Amino acid sequence: MNSTEQTAGSIVIVDDNPTNLRVLSAMLEQAGYKVRPALSGELALRSVAASPPDLILLDIRMPVMDGYETCRRLKADEATRAIPVIFISALSEIEDKLTAFQAGGIDYVTKPFQTEEVLARVRTHLQLHHMQLHLETLVDERTRELSQSEQRYHRMLEQTIQAIAMTVEKRDPYTAGHQLRVSQLADAIAEKLGMDKYAREGLRLGATIHDIGKIYLPAEILNRPGRLGDIEMALVRTHPEVGREIIAKVDFPWPVAEMIHQHHERLDGSGYPLGLQGEAIIPEARILAVADVVEAMASHRPYRPALGIEKALEEIRRGAGSVYQPEIAAACLALFEQDGYQLPAAPTD
Ligand SMILES: [Fe+2]
(Lines give C-alpha, C1' and ligand atoms only; values in the text may rest on other atoms or scores of the structure.)
Protein backbone atom coordinates (compact mmCIF):
# COMPACT_ATOMS: atom_id res chain seq x y z
CA MET A 1 0.00 0.00 0.00
CA ASN A 2 1.37 3.37 -0.98
CA SER A 3 -0.95 5.77 0.75
CA THR A 4 0.60 7.85 3.46
CA GLU A 5 -1.09 9.21 6.55
CA GLN A 6 -1.29 12.65 4.93
CA THR A 7 -3.15 11.50 1.79
CA ALA A 8 -6.37 9.60 1.33
CA GLY A 9 -4.60 7.36 -1.19
CA SER A 10 -2.43 7.48 -4.28
CA ILE A 11 -4.08 7.38 -7.70
CA VAL A 12 -2.67 7.08 -11.22
CA ILE A 13 -4.92 8.78 -13.82
CA VAL A 14 -4.48 7.73 -17.45
CA ASP A 15 -5.96 9.82 -20.28
CA ASP A 16 -4.57 10.94 -23.66
CA ASN A 17 -6.53 14.19 -23.37
CA PRO A 18 -4.51 16.73 -21.26
CA THR A 19 -7.62 18.75 -20.42
CA ASN A 20 -9.46 15.74 -19.03
CA LEU A 21 -6.33 14.79 -17.13
CA ARG A 22 -6.10 18.24 -15.57
CA VAL A 23 -9.78 18.37 -14.59
CA LEU A 24 -9.71 14.94 -12.97
CA SER A 25 -6.36 15.55 -11.25
CA ALA A 26 -7.56 18.82 -9.76
CA MET A 27 -10.79 17.21 -8.56
CA LEU A 28 -9.02 14.36 -6.80
CA GLU A 29 -6.16 16.42 -5.40
CA GLN A 30 -8.67 18.74 -3.85
CA ALA A 31 -10.27 15.73 -2.18
CA GLY A 32 -6.89 14.88 -0.61
CA TYR A 33 -5.58 12.22 -3.00
CA LYS A 34 -2.03 12.03 -4.23
CA VAL A 35 -2.35 12.02 -8.01
CA ARG A 36 0.08 10.91 -10.76
CA PRO A 37 -1.14 11.68 -14.31
CA ALA A 38 -0.13 9.60 -17.37
CA LEU A 39 -0.83 10.57 -21.00
CA SER A 40 -0.76 7.04 -22.46
CA GLY A 41 -1.12 3.37 -21.56
CA GLU A 42 2.64 2.80 -21.92
CA LEU A 43 3.49 5.69 -19.61
CA ALA A 44 0.89 4.46 -17.12
CA LEU A 45 2.37 0.94 -17.05
CA ARG A 46 5.83 2.40 -16.41
CA SER A 47 4.56 4.70 -13.67
CA VAL A 48 2.63 1.88 -11.97
CA ALA A 49 5.60 -0.49 -12.16
CA ALA A 50 7.91 2.12 -10.63
CA SER A 51 5.56 2.76 -7.72
CA PRO A 52 2.24 0.89 -7.47
CA PRO A 53 -0.63 3.24 -6.57
CA ASP A 54 -3.72 2.36 -4.52
CA LEU A 55 -6.06 2.84 -7.48
CA ILE A 56 -5.99 3.55 -11.24
CA LEU A 57 -8.43 5.66 -13.27
CA LEU A 58 -8.08 4.52 -16.88
CA ASP A 59 -9.42 6.06 -20.08
CA ILE A 60 -10.66 3.55 -22.70
CA ARG A 61 -10.16 5.33 -26.03
CA MET A 62 -6.44 6.06 -26.38
CA PRO A 63 -4.09 5.69 -29.40
CA VAL A 64 -1.47 2.85 -29.61
CA MET A 65 -2.49 1.05 -26.42
CA ASP A 66 -6.11 1.49 -25.42
CA GLY A 67 -7.45 1.23 -21.89
CA TYR A 68 -8.55 -2.40 -22.24
CA GLU A 69 -5.08 -3.54 -23.27
CA THR A 70 -3.46 -1.45 -20.54
CA CYS A 71 -5.80 -3.05 -18.00
CA ARG A 72 -5.15 -6.59 -19.29
CA ARG A 73 -1.41 -6.06 -18.87
CA LEU A 74 -1.87 -4.73 -15.35
CA LYS A 75 -3.98 -7.77 -14.45
CA ALA A 76 -1.49 -10.18 -16.04
CA ASP A 77 1.31 -8.94 -13.78
CA GLU A 78 1.45 -10.43 -10.28
CA ALA A 79 2.84 -7.17 -8.87
CA THR A 80 -0.02 -4.97 -10.17
CA ARG A 81 -2.92 -7.45 -10.39
CA ALA A 82 -4.57 -6.39 -7.13
CA ILE A 83 -4.69 -2.64 -7.86
CA PRO A 84 -8.32 -1.66 -8.56
CA VAL A 85 -8.92 -0.13 -12.01
CA ILE A 86 -11.88 2.20 -12.70
CA PHE A 87 -12.51 2.86 -16.41
CA ILE A 88 -13.40 6.32 -17.68
CA SER A 89 -14.97 6.93 -21.05
CA ALA A 90 -17.33 9.17 -22.98
CA LEU A 91 -18.99 6.08 -24.34
CA SER A 92 -21.76 4.45 -22.44
CA GLU A 93 -22.72 1.59 -24.74
CA ILE A 94 -23.33 -1.71 -23.01
CA GLU A 95 -20.55 -3.47 -25.03
CA ASP A 96 -17.96 -1.07 -23.70
CA LYS A 97 -18.97 -1.69 -20.13
CA LEU A 98 -18.86 -5.46 -20.58
CA THR A 99 -15.43 -5.34 -22.24
CA ALA A 100 -14.22 -3.12 -19.41
CA PHE A 101 -15.24 -5.65 -16.78
CA GLN A 102 -13.87 -8.53 -18.83
CA ALA A 103 -10.50 -6.73 -19.08
CA GLY A 104 -10.37 -6.67 -15.27
CA GLY A 105 -11.89 -3.26 -14.45
CA ILE A 106 -13.76 -3.00 -11.18
CA ASP A 107 -16.02 -0.06 -12.06
CA TYR A 108 -16.88 2.48 -14.72
CA VAL A 109 -17.44 6.26 -14.79
CA THR A 110 -18.59 8.26 -17.79
CA LYS A 111 -17.55 11.64 -19.13
CA PRO A 112 -18.52 14.42 -18.59
CA PHE A 113 -17.58 13.80 -14.97
CA GLN A 114 -19.84 14.48 -12.08
CA THR A 115 -17.52 15.31 -9.24
CA GLU A 116 -19.60 13.65 -6.54
CA GLU A 117 -19.99 10.44 -8.53
CA VAL A 118 -16.27 10.15 -9.33
CA LEU A 119 -15.28 10.84 -5.71
CA ALA A 120 -17.89 8.42 -4.35
CA ARG A 121 -16.67 5.60 -6.60
CA VAL A 122 -13.01 6.28 -5.91
CA ARG A 123 -13.64 6.40 -2.16
CA THR A 124 -15.68 3.19 -2.18
CA HIS A 125 -13.14 1.20 -4.17
CA LEU A 126 -10.20 2.48 -2.15
CA GLN A 127 -11.99 1.42 1.04
CA LEU A 128 -12.80 -1.99 -0.43
CA HIS A 129 -9.20 -2.41 -1.57
CA HIS A 130 -7.82 -1.45 1.85
CA MET A 131 -10.25 -3.79 3.56
CA GLN A 132 -9.22 -6.60 1.24
CA LEU A 133 -5.52 -6.00 1.94
CA HIS A 134 -6.25 -5.86 5.65
CA LEU A 135 -8.20 -9.13 5.46
CA GLU A 136 -5.40 -10.81 3.55
CA THR A 137 -2.91 -9.71 6.20
CA LEU A 138 -5.22 -10.99 8.94
CA VAL A 139 -5.66 -14.34 7.20
CA ASP A 140 -1.88 -14.66 6.78
CA GLU A 141 -1.34 -13.87 10.45
CA ARG A 142 -4.01 -16.30 11.63
CA THR A 143 -2.66 -19.03 9.35
CA ARG A 144 0.82 -18.50 10.79
CA GLU A 145 -0.51 -18.55 14.35
CA LEU A 146 -2.51 -21.72 13.68
CA SER A 147 0.46 -23.53 12.23
CA GLN A 148 2.59 -22.44 15.20
CA SER A 149 0.05 -23.69 17.72
CA GLU A 150 -0.33 -26.91 15.74
CA GLN A 151 3.42 -27.46 15.96
CA ARG A 152 3.30 -26.69 19.68
CA TYR A 153 0.55 -29.29 20.25
CA HIS A 154 2.42 -31.77 18.16
CA ARG A 155 5.56 -31.36 20.27
CA MET A 156 3.45 -31.60 23.42
CA LEU A 157 1.90 -34.87 22.21
CA GLU A 158 5.33 -36.36 21.50
CA GLN A 159 6.65 -35.26 24.88
CA THR A 160 3.57 -36.62 26.66
CA ILE A 161 3.95 -39.97 24.90
CA GLN A 162 7.60 -40.09 25.94
CA ALA A 163 6.64 -39.26 29.52
CA ILE A 164 4.11 -42.13 29.47
CA ALA A 165 6.78 -44.43 28.04
CA MET A 166 9.08 -43.43 30.88
CA THR A 167 6.54 -44.31 33.60
CA VAL A 168 6.77 -47.99 32.69
CA GLU A 169 10.52 -47.93 32.05
CA LYS A 170 11.24 -46.25 35.41
CA ARG A 171 9.96 -49.41 37.13
CA ASP A 172 11.83 -51.63 34.75
CA PRO A 173 15.38 -50.34 34.42
CA TYR A 174 16.52 -53.36 32.39
CA THR A 175 14.33 -52.31 29.53
CA ALA A 176 15.00 -48.57 29.83
CA GLY A 177 15.02 -47.10 26.33
CA HIS A 178 13.67 -50.35 24.85
CA GLN A 179 10.47 -48.77 23.53
CA LEU A 180 12.29 -45.80 21.99
CA ARG A 181 14.83 -48.07 20.25
CA VAL A 182 12.00 -50.31 18.99
CA SER A 183 10.23 -47.20 17.75
CA GLN A 184 13.33 -46.08 15.81
CA LEU A 185 13.89 -49.51 14.29
CA ALA A 186 10.19 -49.97 13.41
CA ASP A 187 10.25 -46.57 11.71
CA ALA A 188 13.37 -47.48 9.70
CA ILE A 189 11.74 -50.75 8.58
CA ALA A 190 8.50 -48.95 7.66
CA GLU A 191 10.44 -46.35 5.66
CA LYS A 192 12.26 -49.11 3.78
CA LEU A 193 8.90 -50.71 3.00
CA GLY A 194 7.65 -47.38 1.58
CA MET A 195 5.05 -46.67 4.28
CA ASP A 196 3.88 -43.05 4.02
CA LYS A 197 5.13 -40.40 6.43
CA TYR A 198 1.83 -39.97 8.25
CA ALA A 199 1.32 -43.67 8.96
CA ARG A 200 4.93 -43.88 10.12
CA GLU A 201 4.26 -41.11 12.61
CA GLY A 202 1.50 -43.25 14.15
CA LEU A 203 3.74 -46.32 14.15
CA ARG A 204 6.52 -44.43 15.96
CA LEU A 205 4.00 -43.23 18.53
CA GLY A 206 2.50 -46.69 19.11
CA ALA A 207 5.94 -48.29 19.30
CA THR A 208 7.10 -45.75 21.90
CA ILE A 209 4.42 -46.97 24.32
CA HIS A 210 3.89 -50.56 23.11
CA ASP A 211 4.78 -52.07 26.53
CA ILE A 212 2.73 -49.56 28.55
CA GLY A 213 0.63 -52.49 29.88
CA LYS A 214 3.67 -53.64 31.89
CA ILE A 215 2.80 -50.89 34.38
CA TYR A 216 0.34 -53.46 35.76
CA LEU A 217 3.08 -56.04 36.51
CA PRO A 218 4.73 -56.19 39.95
CA ALA A 219 8.24 -54.73 39.83
CA GLU A 220 9.73 -57.96 41.22
CA ILE A 221 8.54 -59.84 38.14
CA LEU A 222 10.02 -57.23 35.82
CA ASN A 223 13.39 -57.23 37.58
CA ARG A 224 13.76 -60.87 38.60
CA PRO A 225 16.81 -62.67 37.27
CA GLY A 226 16.13 -66.16 35.94
CA ARG A 227 13.16 -67.68 34.16
CA LEU A 228 9.62 -66.88 35.23
CA GLY A 229 7.13 -69.53 36.37
CA ASP A 230 3.92 -70.33 34.50
CA ILE A 231 1.74 -68.06 36.62
CA GLU A 232 4.19 -65.19 36.32
CA MET A 233 4.46 -65.78 32.57
CA ALA A 234 0.65 -65.69 32.29
CA LEU A 235 0.68 -62.37 34.13
CA VAL A 236 3.37 -60.95 31.81
CA ARG A 237 1.25 -62.01 28.84
CA THR A 238 -1.60 -59.74 29.94
CA HIS A 239 0.43 -56.63 29.09
CA PRO A 240 -0.83 -56.20 25.48
CA GLU A 241 -4.46 -56.29 26.68
CA VAL A 242 -3.77 -54.00 29.65
CA GLY A 243 -1.94 -51.62 27.31
CA ARG A 244 -4.89 -51.63 24.91
CA GLU A 245 -7.27 -50.82 27.79
CA ILE A 246 -5.08 -47.93 28.97
CA ILE A 247 -4.91 -46.35 25.50
CA ALA A 248 -8.37 -47.37 24.16
CA LYS A 249 -10.12 -44.14 25.19
CA VAL A 250 -7.55 -41.86 23.58
CA ASP A 251 -8.84 -40.76 20.18
CA PHE A 252 -5.61 -41.12 18.20
CA PRO A 253 -5.84 -40.65 14.43
CA TRP A 254 -3.85 -43.91 14.14
CA PRO A 255 -4.68 -47.45 15.32
CA VAL A 256 -2.41 -47.11 18.36
CA ALA A 257 -4.50 -49.35 20.66
CA GLU A 258 -4.41 -52.16 18.06
CA MET A 259 -0.64 -51.79 17.61
CA ILE A 260 -0.18 -52.23 21.37
CA HIS A 261 -2.72 -55.05 21.55
CA GLN A 262 -1.23 -57.00 18.64
CA HIS A 263 2.53 -56.53 19.03
CA HIS A 264 2.99 -60.10 20.32
CA GLU A 265 0.76 -61.68 17.68
CA ARG A 266 2.57 -63.82 15.12
CA LEU A 267 1.78 -64.36 11.43
CA ASP A 268 1.01 -68.10 11.89
CA GLY A 269 -1.31 -67.56 14.85
CA SER A 270 1.23 -68.70 17.46
CA GLY A 271 1.31 -65.33 19.22
CA TYR A 272 -0.80 -63.82 21.98
CA PRO A 273 -3.22 -62.62 23.36
CA LEU A 274 -5.68 -63.51 20.55
CA GLY A 275 -3.66 -65.82 18.30
CA LEU A 276 -4.49 -63.65 15.28
CA GLN A 277 -3.14 -64.75 11.88
CA GLY A 278 -1.84 -63.05 8.73
CA GLU A 279 -3.73 -59.95 7.70
CA ALA A 280 -5.93 -60.04 10.77
CA ILE A 281 -2.86 -58.44 12.38
CA ILE A 282 -2.54 -54.78 11.34
CA PRO A 283 0.62 -53.95 9.31
CA GLU A 284 1.96 -51.64 12.05
CA ALA A 285 1.79 -54.50 14.60
CA ARG A 286 3.54 -56.87 12.18
CA ILE A 287 6.41 -54.39 11.82
CA LEU A 288 6.42 -53.72 15.56
CA ALA A 289 6.73 -57.47 16.25
CA VAL A 290 9.95 -57.74 14.22
CA ALA A 291 11.49 -54.58 15.67
CA ASP A 292 10.53 -55.66 19.23
CA VAL A 293 12.16 -59.10 18.88
CA VAL A 294 15.37 -57.70 17.37
CA GLU A 295 15.77 -55.04 20.06
CA ALA A 296 14.86 -57.37 22.93
CA MET A 297 17.25 -60.13 21.83
CA ALA A 298 20.09 -57.71 21.13
CA SER A 299 19.79 -56.15 24.59
CA HIS A 300 20.45 -57.29 28.12
CA ARG A 301 17.58 -58.76 30.17
CA PRO A 302 17.41 -59.57 33.89
CA TYR A 303 17.22 -63.30 33.09
CA ARG A 304 20.01 -63.36 30.46
CA PRO A 305 22.86 -61.27 29.06
CA ALA A 306 22.46 -59.60 25.67
CA LEU A 307 22.42 -62.20 22.89
CA GLY A 308 23.78 -59.75 20.36
CA ILE A 309 22.46 -58.50 17.05
CA GLU A 310 23.64 -61.59 15.13
CA LYS A 311 21.46 -63.92 17.20
CA ALA A 312 18.56 -61.49 16.82
CA LEU A 313 18.87 -61.38 13.04
CA GLU A 314 19.18 -65.15 12.93
CA GLU A 315 15.83 -65.39 14.71
CA ILE A 316 14.26 -63.05 12.12
CA ARG A 317 15.76 -65.09 9.24
CA ARG A 318 14.49 -68.30 10.79
CA GLY A 319 10.97 -66.96 11.38
CA ALA A 320 10.55 -65.10 8.05
CA GLY A 321 7.44 -66.40 6.30
CA SER A 322 6.18 -68.32 9.33
CA VAL A 323 5.97 -66.03 12.34
CA TYR A 324 7.16 -62.81 10.67
CA GLN A 325 5.87 -61.33 7.41
CA PRO A 326 8.62 -62.11 4.85
CA GLU A 327 8.76 -58.57 3.37
CA ILE A 328 9.11 -57.03 6.82
CA ALA A 329 11.78 -59.56 7.85
CA ALA A 330 13.67 -58.91 4.58
CA ALA A 331 13.52 -55.13 5.09
CA CYS A 332 14.83 -55.49 8.64
CA LEU A 333 17.68 -57.80 7.56
CA ALA A 334 18.60 -55.46 4.68
CA LEU A 335 18.75 -52.55 7.11
CA PHE A 336 21.38 -54.23 9.28
CA GLU A 337 23.22 -56.24 6.61
CA GLN A 338 23.28 -53.78 3.72
CA ASP A 339 22.53 -50.32 5.06
CA GLY A 340 24.75 -50.51 8.15
CA TYR A 341 21.84 -49.76 10.51
CA GLN A 342 22.79 -49.94 14.18
CA LEU A 343 20.58 -49.99 17.25
CA PRO A 344 21.27 -46.98 19.43
CA ALA A 345 23.32 -48.03 22.49
CA ALA A 346 21.16 -49.15 25.43
CA PRO A 347 21.95 -47.22 28.63
CA THR A 348 22.07 -50.42 30.73
CA ASP A 349 24.53 -52.23 28.43
FE1 LIG B 1 5.79 -56.41 24.77
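Predicted model: local features only at pLDDT ≥ 70, side-chain atom pairs only at ≥ 80, totals over all residues.
Five strands make up an open sheet, arranged in the order 2-1-3-4-5, and their pairing is parallel. Which strands stand at the edges? They are strand 2, residues 34-38, and strand 5, residues 107-110. Each has a single partner strand, so one side of each is left without a neighbour in the sheet. On average, and with direction ignored, neighbouring strands are turned by 20 degrees against each other.

Next, please consider the helices on this sheet. Helix 2, residues 41-50, packs there and touches strand 1, strand 2 and strand 3. The direction of helix 2 makes about 165 degrees with that of strand 1. Helix 3, residues 67-76, lies across strand 1, strand 3 and strand 4, and runs at about 150 degrees to strand 3.

Strand 3, residues 55-59, pairs with strand 4, residues 85-89, in the parallel sense over four bridges. Within these strands, Ile56 stands opposite Val85.

I turn now to the backbone. Most residues other than glycine have a negative phi, and most peptide bonds are trans. Val64, in the loop between strand 3 and helix 3, has a positive phi of about 65 degrees although it is not a glycine. Is Val64 buried or exposed? Val64 has 10 C-beta neighbours inside 10 Å, and a residue with 12 or fewer is exposed, so Val64 counts as exposed.

Finally, the peptide bond from Lys111 to Pro112 is cis, with omega near -5 degrees; Pro112 lies in the loop between strand 5 and helix 5. The bond from Tyr272 to Pro273 is also cis, with omega near 5 degrees.

Definitions and conventions: Residues numbered from 1 in each chain as written. Pairing = 2+ DSSP bridges. Helix = DSSP H or I, 4+ residues; strand = E, 2+ residues; numbered from the N terminus. Axes fitted to C-alpha atoms, helices over the stretch in contact; angles between N-to-C directions. Contact = placed C-beta atoms within 7 Å. Buried ≥ 20, exposed ≤ 12 C-beta atoms within 10 Å, placed from the backbone.
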